[in-house]
Amino acid sequence: MQAWVIGNWKQNPATSHDVDVLLDDLLTKVDAKNQAKTPTSSSQCKLMVAPSCIHLAAVSARLANSSIISAAQDVSAHSASTGAYTGDCSAQQVADTGATWTILGHSERRQYHKESHDCLINKLSHAFSQNLGVVFCIGETQEQYDNGQTLDVINEQLLVIKDMLVQQPDLAASLSEKLLVAYEPVWAIGTGKVPTVAEVSKTHQHIKQTVAGFADIADTITVLYGGSVNAGNADSFAADPMIDGALVGGASLKADSFLAIAGAFSQANAESNK
């Protein structure tokens, strides 16, 4: 299975100039590594970045001829195309920018925008209707973790996928290609707190088994880990066969740290495929 490392830029960088600087650095270093066939070459690890909506078209254009994929951070739940929904960006509009994926269900969207079960079903359905791949985020809070409720919370959040497939069973055939699940403990995002690799591995195994139970899926669903992933701890996560990559926040805003994380997963993936 190919590894994935995805940079969620969130509400960063502030200006188009800063976006260009980041992209210049990232593209230059990726090109150099690909030419040198180093462990971060695209043959072993897919790279994706998700800029803010205002920068999405420009970033997609810059990445069009590169090995890096562009993604949106969200799509509208109200319509897949157009409508009177001030401030929303539809899946069709995202696809028109050249982006091919979107992040959905991130804990910050769930917290700050109160995204519900039905809302997320609509978003996944709209994304798939426009042939966008989906990085679907799930994870528990600190209180839920402390109370031993991690798997219960994840089961409830994964029901979004199950209920969407009940409504649109034809999507099951392409699910393993168009869906990545990102397990991000809310208490670990941007806090420096990190669960043990054993904990993450056990949770990822549960996620894969649960999603596989929703449909007759020939290939295993890819599950990424997110939550204070950095260049220093990426090796330990990459070494576990249940962890297929990383969804990276702050560390994705620097090309060196982002590519170091990608290098860890690329190296681990190359070794496992020998």
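Before judging handedness I wrote down the convention: a crossing is right-handed if the near helix is turned clockwise from the far one by less than a right angle, and left-handed if anticlockwise. I also kept in mind that the model is a predicted one.

Entry one, the helix pair. By the convention above, H1 passes H2 in a right-handed crossing. I then looked up the axes of H1, residues 16-36, and H2, residues 53-63, and found that they come within 11 Å and cross at roughly 25 degrees.

For the contact itself, I listed Ser16, Val19, Asp20, Leu23, Asp24 and Leu27 on the H1 side, which meet His55, Val59, Arg62 and Leu63 of H2.

Entry two, the loop residue. I located Asp244 in the loop between helix H10 (234-238) and strand S8 (245-248). Is Asp244 buried or exposed? Its relative accessible area is 8%, so I recorded Asp244 as buried.

I next checked what surrounds Asp244, leaving aside residues up to four places away in sequence, and its contacts include Met1, Trp4, Ile221, Leu224 and Phe265. Which side chain makes a polar contact with the side chain of Asp244? That of Lys208 does, at 2.9 Å, and the side chain of Asp244 also reaches the backbone nitrogen of Val223 at 2.9 Å.

Technical notes
Residues numbered from 1 in each chain as written. Predicted model: local features only at pLDDT ≥ 70, side-chain atom pairs only at ≥ 80, totals over all residues. Heavy atoms only, no water. Axes fitted to C-alpha atoms, helices over the stretch in contact; angles between N-to-C directions. Helix = DSSP H or I, 4+ residues; strand = E, 2+ residues; numbered from the N terminus. Contact = heavy atoms within 4.5 Å. Buried < 20%, exposed > 50% of the residue type's maximum accessible area, 1.4 Å probe, protein only. Polar contact = N/O pair within 3.5 Å; in protein donor to acceptor, adjacent residues only side chain to side chain.
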